[in-house]
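Good morning, colleagues. Please take a moment to look at the sequence and the structure before I go through a few of the elements in turn.

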Amino acid sequence: MKTFTLSALALALTLTGCKPAPAPSTNTNTNNAVTTAQTKAVEQPADWWQSAIFYQIWPRSFYDSNNDGHGDFNGMSAKLPYLEELGVNALWLTPIFEAPSYHGYDFTEFYKVESDYGSMAEFEAFIKAADDKGMKVILDLVINHISSQHDWFQQSEKQQAPFSDYFVWRDDMPKAGSGWGHAWSDNDKPEAVWHWSETRKQYYYGAFGASQPDLNLRHPDVANEMKKMAKFWLDKGVAGFRLDAVRFAMEGGANAQADTQETIEYWQDFNQYIKSVNPQAYLVGEAWADLPIAAKYYGEGKGLDRGFDFEVGYKILSLLKTDTDTDVLFGTMPSNEQHKAKNALILDENLQQRKDSQAPLHFFTPFLTNHDQERVAYQLKEHDGKAKLAAAMLFSSPGTPYIYYGEEIGLTQQRIGDDVYKRAPMQWDNSHQAGFTQSNNSWVEETALFGDDFANWWPEFLAKQLAAGNRSVAAQQAQPNSVWRLYQHLIAMKKQRPEFTINGSYQLTQHDNGIVEVTRELNGSKSVFVLNLTDKAQSISSITRDGLTASWQHDLNGDQLAAYGLLLLNNTL
């Protein structure tokens, strides 16, 4: 994707005035101002997720407490003070159920935790410890499919009651050109989704491959078991679920493998049940698609509580990257296949698209990347100035933000080509294994997980990172103007400033010299982000700063904002 180069990112944050706030608007004629951040907390809304700042954890890579090379529940418990210091108040754990793969998106058990991560008692202790620090925890829940090693599937292959119809079976392979294929592409390859069972002598449907057969959610016993499973984990103290692959729950035929009305109604019913168990349980769906499709999962107010806005991350990074590649993976996002952004008004357009959809603005939750996407620092070639700009644009966008572990320290990856590169161990310090484990090896080096032919890339990557010495938590925390310090500041602003709630207005102005202003305002409380998206220092003398104080100005020299620099302004609450 082609990026719009803006040399300095100036972020002016938090302005407050003594006049009524304007109605939420995307008018691009704004006055920007600067002031210091205050510590007064904003009144919390009824639904806890409206004021949440989520942090996504890949448990296997976060912190190893027992020196076996795998992150675990006790490791996450040990790092809760770190997350508290960062300021996040909600955690999303990628799959923690027993599974044969390292990633866990192919469960073999619904009611057991992944043994590599510890015991159920240790999981429960983690949930309680997080709750004691005011942090909600949601789990990744995969309902679309399970593992081919699951007992249900093995009994279904043998046509044993009552499991025979728990999956979708057929006698013949559809012909090429019939319309079957990956639901997120137009490859028209029925063999990509229909897989032969030698045991049953039939084909079964598996949208994500032969090892992950799709459940038949039309079967009442299957649907009820999914509800029973969800209740089991809610009763453990879990605050809700991130729902994987929501678009594919119920395929309706060759040309209707995603986003069917049955699928929308399934999630409405599931949500109704979840809310009957706990009215404050939270459901956020992964609908990797353009906003009009993602909005369908709001379900006229009866569906999911939130849906991820995949577009905003693509658009933010398109403004900062220098290449044209993009990877949409399990989505169908034609608007993002070619990014040729010329100015930051695409962010304003994104917000307007949210407002114009069939879901309310608060439904969409913004993020930069997740575990399926190349890391921000890798895409931006480890340019910290650009990483700060990306963070500023994320937090200026209305909605509940999500941070992928390591984004706050500029964590990068070795290369592209395999998902494991995006999911490598967290780097805590400059010691052995970057402080992730005391073991001689980390899990990414285990040939049993990846096969003998998978080259061991970790030692080379780790040596390079340790030699650089600036991508660990310890190193980032030691720098007053680091990426980590900015994330901490932005999180505090998000929690403290009323204009960052969904009701705050959003106004964006692009100046001729490449300076971008984003203003958020509500009831006189005002914040201005001044972003220099060019590769040269730019004057910001035209920026109005009456009544505003800079809370972040490391990149400012007089009226000159550094290339890819950042200035934050706010007023007194």
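This is a predicted model: local features need pLDDT of at least 70, side-chain atom pairs count only at pLDDT 80 or more; totals for chains, interfaces and linings use all residues.

I begin with the strands. Strand 10 and strand 11 (residues 364-366) run parallel and are joined by three bridges. Within that pairing, Phe-308 has Thr-365 of strand 11 as its bridge partner.

Let me turn to a pair of helices. The axes of helix 9 (residues 310-318) and helix 10 (residues 345-356) come within 10 Å and cross at roughly 170°. Because angles over 145 degrees count as roughly antiparallel, helix 9 is described as roughly antiparallel to helix 10. Which residues meet in this contact? From helix 9 they are Glu-311, Val-312, Lys-315, Ile-316 and Ser-318, and from helix 10 they are Ile-346, Leu-347, Asn-350, Gln-353 and Arg-354. Sorted by class, the contact comprises four nonpolar, three polar and three charged residues.

Finally, I come to helix 12, which covers residues 384-396. From first C-alpha to last, its 13 residues reach 18 Å, close to the 18 Å expected at 1.5 Å a residue. How many of the residues of helix 12 are buried? Twelve of the 13 are, so helix 12 is largely enclosed by the rest of the structure. The buried residues include Leu-389, Met-393, Leu-394 and Phe-395, and also Lys-386 and Lys-388.

Thank you for your attention.

Note on methods: Residues are numbered from 1 along each chain as its sequence is written. Side-chain values use heavy atoms; hydrogens and water are left out. Axes are lines fitted to C-alpha atoms, for helices over the stretch in contact, and angles run from 0 to 180 degrees between N-to-C directions. Helices (H or I, at least four residues) and strands (E, at least two) are DSSP runs, numbered from the N terminus. Angles under 35 degrees count as roughly parallel, over 145 as roughly antiparallel, 65 to 115 as roughly perpendicular and the rest as oblique. Contact means heavy atoms within 4.5 Å. Ala, Val, Leu, Ile, Met, Phe, Trp, Tyr, Cys and Pro count as nonpolar, Asp, Glu, Lys and Arg as charged, and the others, Gly among them, as polar. The expected span of a helix is 1.5 Å times one less than its number of residues. Buried means under 20% relative accessible area, exposed over 50%, partly exposed in between (1.4 Å probe, protein chains only). Two strands pair if DSSP finds at least two bridges between them.
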